[in-house]
There are 2 protein chains.
Amino acid sequence: MCQLLGMNCNVPTDICFSFEGFSARGGKTDDHSDGWGIAFFEGKGCRLLLDDKPSVTSPVADLVRRYPIHSTHVIAHIRKATQGEVALKNCHPFQRELWGRYWVFAHNGNLPDFHPQNMGFYEPVGNTDSEKAFCIILETLREAFPHGKPPLDKLNFVLRQITAEIAKVGVFNYLLSDGEHFFAHCSTKLTYIVRQAPFAAAHLIDQDMTVDFRELTSPSDRVAVIATTPLTDNEVWTTIQPGELLVFQDGLPQK
Amino acid sequence: MCQLLGMNCNVPTDICFSFEGFSARGGKTDDHSDGWGIAFFEGKGCRLLLDDKPSVTSPVADLVRRYPIHSTHVIAHIRKATQGEVALKNCHPFQRELWGRYWVFAHNGNLPDFHPQNMGFYEPVGNTDSEKAFCIILETLREAFPHGKPPLDKLNFVLRQITAEIAKVGVFNYLLSDGEHFFAHCSTKLTYIVRQAPFAAAHLIDQDMTVDFRELTSPSDRVAVIATTPLTDNEVWTTIQPGELLVFQDGLPQK
């Protein structure tokens, strides 16, 4: 299966440190070497970098590690293929437009018995279960709210329903964002941490690397990092419960 | 106004040489410094790299110059803003999905009197005339062929109609591709060259750089390069006539 990494912050932040540890899992400390991808929102705009090479050797991943792109909403994925061959078209995150906003989606899991009949407006380009599920989610939201993005509680209600529906047929951990809201659904495995003042130093699990956030932050900064498994070994990560769909905004899960 | 660069080939080829000269126009030999972007198709998959920094200083452009991504359909754009502020959401090429394929579009020109009323399914994310025109094109194709991509002659007929319609209200040079076909429309300024055996050396206009294609190609290779103005000063480029919509396949314009 794959691994997910997400970040949601109250000020644009670079993901270099977390990505350093995460990308090591794409062929070095773990075997998720069937491609990778990362999406950075900057306002309504979105940068989506994809590569079907392992993230440890990809020149594009090297760029991400070295070039600090600042963003408030980031979704990254390293792939271990279950359905769909190793190819660019099957790399997550996937992107589509809905209500005049880009939506980005990455999935960890497997939906072996997911065979929706009518794809409606959004059609998958590749042949993964994940892209199919993303298309169905957007289709469902569009049908429920044809005139534009609704208030969060209404959106959340419909998203929960369709998520629960899809999660019945397999493992469906996902990250989803439109650059305004950041959704994280746990089906089996997903964890997060909120870093805020007082900041401390953090040490990566997958690389012997420490960052002292006191030197890099201002007191009002807040950053949530969401990942399949914890990325650091000296911080307390919160396990998201199976069936939970969290919405992050400004670096905090909303209640 | 902006500048366009496209490439269509019969075998996956890197665009490093052409991009070297082209990207120099983004702030060095010319003043198109309001962002840039490039899309590479690999099969049905698409890599879209965007940056709102000038292409001469962008670390992402540096990656493209140094990392030979091989593709048969490439569309690049450097921006000089006319409508829409300098922002990632306004960088070309734009991408949407239609008929289970990604479509990519970049525009050179200005459509000051283009105010379509009903955007239909596809909504612009940014606020350029270009993205609006792209949405209208896809909407028109989708309405004309709701069940999937039609044969090229039928597609071409509808595309010509909507293109002519939009071109009435301004300057509308564009490149459009779905990774299978490559469309190039000239409204005022667009030129191309087909490189094939016997290959020779080419010298860039914007950088003092020469490539001897004899050393890099095999006899059956064929590459069409399409650009706003010629990129080399020792080759004969063909001017596309105003009003012409060419379709390239396997490095050749189709008749």
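A:Asp250 is partly exposed, its relative accessible area being 44% (buried is under 20%, exposed over 50% and partly exposed in between, with a 1.4 Å probe and protein chains only). This residue has a positive phi of about 55° although it is not a glycine, and its place is the loop between β14 (245-249) and β15 (252-253) of chain A. Helices (H or I, at least four residues) and strands (E, at least two) are DSSP runs, numbered from the N terminus.

The model is predicted, so local features need pLDDT of at least 70, side-chain atom pairs count only at pLDDT 80 or more, and totals for chains, interfaces and linings use all residues. Residues are numbered from 1 along each chain as its sequence is written, and chains are lettered from A in the order in which they are written.

A:Trp99 also has a positive phi, about 60°, without being a glycine. A:Trp99 sits in the loop between β5 (94-98) and β6 (101-110) of chain A and is buried, with a relative accessible area of 10%. Most residues other than glycine have a negative phi, and most peptide bonds are trans.

One joins B:His92 and B:Pro93, with omega about -5°; B:Pro93 lies in the loop between β4 (71-78) and β5 (94-98) of chain B. Another runs from B:Ala197 to B:Pro198, with omega near -5°.

As for the whole of chain A, four helices and 15 strands are present, and buried residues make up 60% of its 255 residues.

Note on methods: Side-chain values use heavy atoms; hydrogens and water are left out.
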